[in-house]
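Hi everyone, thanks for coming.

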Amino acid sequence: MAENTAEPKAPKAPDFDFQAHEQPIFQAWKEHGFFQRGDGFGEHADDTYTIVIPPPNITGMLHMGHALNDTIQDACIRRARMQGYRTRWVLGTDHAGIATQTKVDKKLASEGISRLEIGREAFVEACYDWYKEYGATIVRQIEGMGCSCDYAHEHFTMEPAYVHAVREVFTRWYKEGLIYRGKRIVNWCPSCTTAIADDEAEYVPEKGHLWYMRYPLVEPEDGLDYIVVATTRPETMLGDTGVAVNPKDERFSHLVGKKVKLPLVDREIPIFADWHVDTEFGTGFVKVTPSHDPNDWAMGEKAGLPRINIFDETAHVVEGFGKFSGMDRDEAREAVVAAFDELGLLDHIEEHDHSVMTCYRCHTKLEPWESEQWFVAVDRLKEAAAKAVEDGSIQFHPARWKQVYLDWLANLKDWCISRQLWWGHRIPMFYCDECGWEDASVEEVDVCPVCGAPVRQDSDVLDTWFSSQLWPFATMGWAEEGMEAPEIRSAYPTQVLSTARDIMGLWVARMVMASEYCTGQIPFKDVIIHPTVMAADGKPMSKSRGNGVDPLQLMKNYGADGMRFGLLMQVTGAQDMRFNENKLVSSRNFANKIRNAARFVLMNLDGYTPGAPMAATDADSWIFARLGKLIEAVDAGFDAYEFSEVTRALNDFFWNEFCDWYIEFSKSRLAEGADPEDRLQCQRNLLFVLDRALRLLHPIMPFVTEEIYQQLPERETEYLIVAPWPKAEETAALGSDKAERAISLVVDVVSAVRSARSRYGISPRQELAAVVKAPAGDVELLQQQVPFISSLAKTSSLTVAADAAKPAESSTAVASGLEIYTCLSGLVDFDAERARIKKELDKVSADAAKFEKKLSNPGFLAKAAEEIIQKDRAKLAELQDTRSRLAASLEELG
């Protein structure tokens, strides 16, 4: 479909109830325990293959990012299961601290209840109630996709064992000096009243101003009474403790060491030199507010400036600033500017566009704010995490994300891990106010071990990513038994992690750091960074834009198989993926093609008895050879995580080679009166190819393949989900290169004749003469196939020769080194056909010229919306393709 909205204009309601067919199959898999780690078989019988799901938030609903990522993971785990590995896809959900607290706050507010009124304990209980009510929603939706997670052992980042793991890591790191407490500038959300990590802040463009403000000198210098500073935040001048200039700025070097009297608060502050100052910004003088800007903090530390925090936790001016106290930051800005103006100290104002940081949850502007927080000293963790990627122990797919990961690590600063929330892992620090004892503890501490007085626990909770970083090993028994846990010993590290690029630093890098420290091992071997699913217009999907797509609705319209296959068709190495619903239409049609092909095979099994596949004809050898190459292609695609290549290979083989050709080749062999022995061998071969194709399709299209597998007259295993994965060399050995080449030539010749018949509107019943010019090595192969080709292409005569000449009034097709001429003399009015094509070519050329002119106009490109430009480019490409084909047809007619 061309457009995608919040309620996509889907085709009419399907007459096929996908869920009615899918749900019983899913329940059967689940009841048989296939999703849990069981016995392996074959060469991988003793090997494990594990994936941990990126735990979705308990506030979440299935969205397109989940749908794509879960499809990728399920395809990988299903293939590994069929390869004989002892598989397990670890399932669980994340407590999502600030997101859940926000949701529960809103829910309580709608009931007239305030979190502050009911207190912490009751609020945490309300969060657990939320988890019980809504936490399973997304898990049920994941089930609906057919995902083969281990539902019997679902995890939650607030379950007791996980809490123990979090406290264990915090305590270890604290005692080894990796965790410390200190006052720093943090990104503070005045609405959520908590610190926000740098990586969680969102940058939003803002049309603002640059205020030029006069600061009087305490003692005039060379006739100069004041200096002018430029700032985007005049309200923070209340906390200024210095003014900085660049040491190389000769204009003001004589003022370094002098003082200015800060207006409104009468505070004398020094002018000093610092390399942070950009001489091109504003006037070259920069006001320094150490408690409200990270750069100012650094300059203030170096210069020994005092720090004055002018805001409280809700970004209101604190007491001690006269009429400004109690104002929020926006009110304070207006009041400060007005006061400067009244004093004649407002020099001038300029327009100034810049970006501001906002909270990723509530979108409030963040405040750089000095507060006491807990930090992880990351320098001791970064080296091992970088080395694991540099030496190839962990590999990224696509490979370009390796450098992005390494750059992120290189620039990583100490991590603020404390959050001023109630919902989450409470920091396991305990304090005695009586004697001053304090320490971290995995277990609860009620009384001081020094003086016996009651103790209190830290009121902050840990950043959600602190607990999430432990996910790969904390879900495998590490908290209870450490590295001796059975799952850890047999199945760690895991194999594949699939995730989105936006949490590569927030989560992926931190999992590597935590795992290297806690287990001495990497957490996974391969990291797939899947593309971000964008709307058809190229913009992020959102309710406000009305361009979102609901995967639950897509599954109703196309089935889980149709959605899964259609999504993976669109996965390339690109960073973003424009969602194309037409691909899902194609995938649903493909699923129908699979059903119809299976129906044909199953309806033609009269007299069938089991037996081995065997090449009784060249067509049999050809399909076995092609199937062997398909297995190779699918294996290569999976091993490289190139999922669009896998879907393309599967679609091409099943639709074209199996359905359009091999089944057609088989019809005469299955017909009444056919040789009984050949008929039986044809049945066996058809079933074999169908069975192997179903196995290859199963990881991506699990439902339709299992449904058909259950109808086969003989099955190697009770369920397809555990059927052995095909081996390319064993299948290819059933065919031959010579037969593959011969039938490939047959397909090319028949296709060329049929194409000419269709292009010129000639009746399918009309026999045509054809001539084939072939390389010497192919002439004999083709001559042996002349009767076969004639029956398929309906030719009256077929000449094959290495020196064949093109007959007069014939069409030409080139394929696989062949030149195929279809004789049209007496069947086509060439003059009329030339005139018709010429007229159509002129029209298409004129239309293409209009679009070419339009798209070469800089004015149009500068003003038009991006979606309009893309639409016009697509139309031009279509016209250019049509023009090329018409020109080729005209040339063919001479």
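**Charges on the surface and inside**

Let's start with Glu121: its relative accessibility is 72%, so it counts as exposed, since the cut-off for that is over 50%. Before I go on, keep in mind that this is a predicted model. Glu121 sits in helix 5, which covers residues 120–134.

How many salt bridges does a search of the whole structure find? It comes to 52. Let me pick out a few.

Take Arg37, which bridges to Glu487, with the closest N and O atoms 2.9 Å apart. Arg37 is in the loop between helix 1 (18–31) and strand 1 (48–52), while Glu487 is in helix 15 (residues 486–491), so this pair ties together parts 450 residues apart in sequence. Are these two buried or exposed? Both Arg37 and Glu487 are buried.

Glu487 also forms a salt bridge with Arg88, and there the closest N and O atoms are 3.0 Å apart. Here too, distant parts of the chain get linked: Arg88 belongs to strand 2 (residues 86–90) and Glu487 to helix 15, 399 residues apart. Arg88 has a relative accessible area of 6%, so we call it buried, which means under 20%.

Now for Arg307, whose side chain meets that of Glu301 in a salt bridge at 3.2 Å, N to O. With 35% relative accessibility, Arg307 counts as partly exposed.

Note on methods:
Residues are numbered from 1 along each chain as its sequence is written. This is a predicted model: local features need pLDDT of at least 70, side-chain atom pairs count only at pLDDT 80 or more; totals for chains, interfaces and linings use all residues. Side-chain values use heavy atoms; hydrogens and water are left out. Helices (H or I, at least four residues) and strands (E, at least two) are DSSP runs, numbered from the N terminus. Buried means under 20% relative accessible area, exposed over 50%, partly exposed in between (1.4 Å probe, protein chains only). A salt bridge is a side-chain nitrogen of Lys or Arg within 4 Å of a carboxyl oxygen of Asp or Glu.
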